Amino acid sequence: MLQLPLVVTVQVDLVLVLITSLAFLTRLSWLSYPNAVVFDEVYYGQFVSLYVKRIFFIDDSGPPLGHMILALGEYPVGMNVWSLRLLPALCGALCVPLGYLLALELKFSHVSALGAALLLLLENSLIVQSRFLLLESVLIFFVLLALFSYLRFQNSTSSSWSRYSWLLLCGVSCSAAVGVKYMGLFSYLLLLGVASVDTWSLIGDRAVSHLSVCVQCFCRVMCLLVVPALFYIFWFYVHLSVLNHSGPHDQLMSSAFQASLKGGLSRITKGQPLEVAYGSQVTLRSSASQPVPCWLHSHKANYPVRYGNGRGSSHQQQVTCYPFKDVNNWWIIKDPNRQELVVDTPPKPVHHGDVIQLVHGMSSRLLNSHDVAAPMSPHAQEVSGYIDFNISMPAQNLWRVDISNREAKSEVWKTILSEVRLVHVNTSAVLKMSGMSLPEWGFRQLEVVAEKTFKTHSSGLGWTVEEHRYGTSQEQKDREVELHSPTHIDVDRKISFWSKFVELQWKMLTLKQEESEHKYSSGPGEWLTMKTNIAYWLHTSTNAQIHLIGNLVSWGVAHLSLLAYQLLAVIYLLRRRRGFKDISDGAWEQFVRLGCVCVGSWLVNFVPFLLMDKTLFLYHYLPALCYLHLLCPALMEHVHTHLLSSPTHRRVLHVCILGVLLYVFLCYWTFCPLTYGTPELSASQLQRLKWRDSWDILYRRQ
């Protein structure tokens, strides 16, 4: 029977509530100030704008989830500074209580958890980075959430299925971290390593039944491997579903991908015939022409009789690869056994393995290759539009169609969908773009050669029919007019999501933007001592400004704690090897887990940057720094509990810790004007804040 009154007992961690409130206060206060674009907001803002317009784009810095999260800030109240900065600020604020909870899950006291939370709370660099339209705070939030969820799962003593909700949340958070930035992958791999060790220990526990071990291993595989993979794919599915309009980055993608977008190439190719037939008029795009598109091209200009280095040429018509749409990009597929250049009724399609000739539409020259060295690539054969000079140089203009992505042996050559290799029948060389630019006599266009397959890589040899019409004019003058008039035959030409996903993923991983030195760039070695800062915003007429500068006190203490942990770990290992156990097995296990989570996370978020050849900034170090702020209080507790037995020594440690926290707060307060951009400081005050000569702090004399 239901008994009255009903009583609900709720336990509230007031410390957690307090630090969460302070985190929101420090991250959300004056969020709309300055009402101007700040540093990389111009970079991410353009992607938000493209999301709103549903225009396709590529960002090589990471997968699409981060941009989608930033774009969500536009929808509640429209495009304004406050709403766009809100979600990164919320993620940055939630990192503080997550740090508190993470320290508790590492089985340290509430005092240590509070210390970790305070270090995160008062870190000026984290505050600055979370208050703008940037992604670092979002990445840190998901990584911390993944670690916390896994530790909560591992520490749970419940055997109910609700325990696995934490593991499921961990998997989703890992997928989100990788979906925001590829750097999240290293934290995910570390977590998988920790989970693998824990699972191995579970398998060796004879107290657990065989059935229970199998079920638990299956759940861990599903939650930590399958679920992250599915959600990662889901981010791309949403991304590609939303961005379905042509945009500025279309040219980076294949013709089939471009044709799936509204506008752009799809507008040009709408109604084109699907199957390439004898008599078809086509433009051929090179698959090697990335990131700039390039089409097989010829024009009424010949190779010079002799090149600058003295080598001779065939003096025949130039064939190049041209990165712009042009009427000279059109070619006609010709049957070698007939003279007609029109499509039959019904059309006779070209199949894989067929031998064809390619006739240049505007000059009627046949695509030719022979045993003459190419102008810029002497190891390869020259490709030309054949001219009969009656000098015992016969035409060699037969090409075999090899469809590299065919699904059947007698596959039909299809517009956009088929990637073909054109193999020279006489020499077995393959038509390709070499990537070299021709001199002035070649109008700086790109060189096209025929190269033996054993000399070249298999990638980049393909050509795709991008524009296509069925030719109906036999006479040259009529044909030149026809080349400007597309046909209109309705054809359903769709590309699957999986094809688009694989292509976009590969493009994101391989696309390299031109790197240039930046005024505020810095190397990983400089991050440890905060040698450089970043001026995020400078007022045009006053001394108000915002800088990415860390809290000097907490920054230094964090790195000292890293050195102290490493030194202590070496001492422990050596003494344990000699048979001395200075601490209990439980304390040793806690110490090792602390190192795996905090020191391990610092390593995976710092060391990869040492190997990267790209422009780096101080904010790249912030995810690694967070783990040192978690390490420091926990290490102090370890020293207090296990290494200091004297009350006097413990009191000294208490005083030192309180003193450090006081200086951390004073440093935070001192740099608040450069963190929030207000209040405005005088020139002399700014000069006093320039604690390092290498810092770039500007001011106007008043």
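Q: How many disulfides does the count come to?
A: One disulfide, taking a disulfide as a pair of cysteine sulfur atoms within 2.5 Å. Bear in mind that this is a predicted model, where local features need pLDDT of at least 70, side-chain atom pairs count only at pLDDT 80 or more, and totals for chains, interfaces and linings use all residues. Residues are numbered from 1 along each chain as its sequence is written, and side-chain values use heavy atoms, with hydrogens and water left out.

Q: OK, which cysteines does the disulfide join?
A: Cys294 and Cys321, with 2.1 Å from S to S. Cys294 is in the loop between strand 1 (280-286) and strand 2 (295-302) and Cys321 is in strand 3 (residues 317-322), so the bond ties together parts 27 residues apart in sequence. Helices (H or I, at least four residues) and strands (E, at least two) are DSSP runs, numbered from the N terminus.

Q: Are Cys294 and Cys321 buried or exposed?
A: Both are buried. Buried means under 20% relative accessible area, exposed over 50%, and partly exposed in between (1.4 Å probe, protein chains only).

Q: Switching to aromatics. How many aromatic pairs does a search of the whole structure find?
A: It finds 39. Rings of Phe, Tyr and Trp (its six-membered ring) pair if their centres lie within 6.5 Å; planes under 30 degrees apart count as stacked, over 60 as edge-to-face and the rest as tilted.

Q: How do Trp527 and Tyr621 pair up?
A: They're tilted, 5.9 Å centre to centre with 35° between the planes. Trp527 sits in helix 15 (residues 524-528) and Tyr621 in the loop between helix 17 (585-610) and helix 18 (622-643), so this pair ties together parts 94 residues apart in sequence. Trp527 is buried at 0% relative accessibility, and Tyr621 is buried at 0% too.

Q: Which residues do ring pairs link into a cluster?
A: Tyr232, Phe236, Tyr237, Phe497, Trp498 and Phe501.

Q: Last one: what sits over the ring of Trp330?
A: The charged end of Arg469, 3.8 Å from the ring centre. The rule is NZ of Lys or CZ of Arg within 6 Å of the ring centre and within 35 degrees of the ring normal. Arg152 also lies over the face of Trp166, 4.9 Å from the ring centre.
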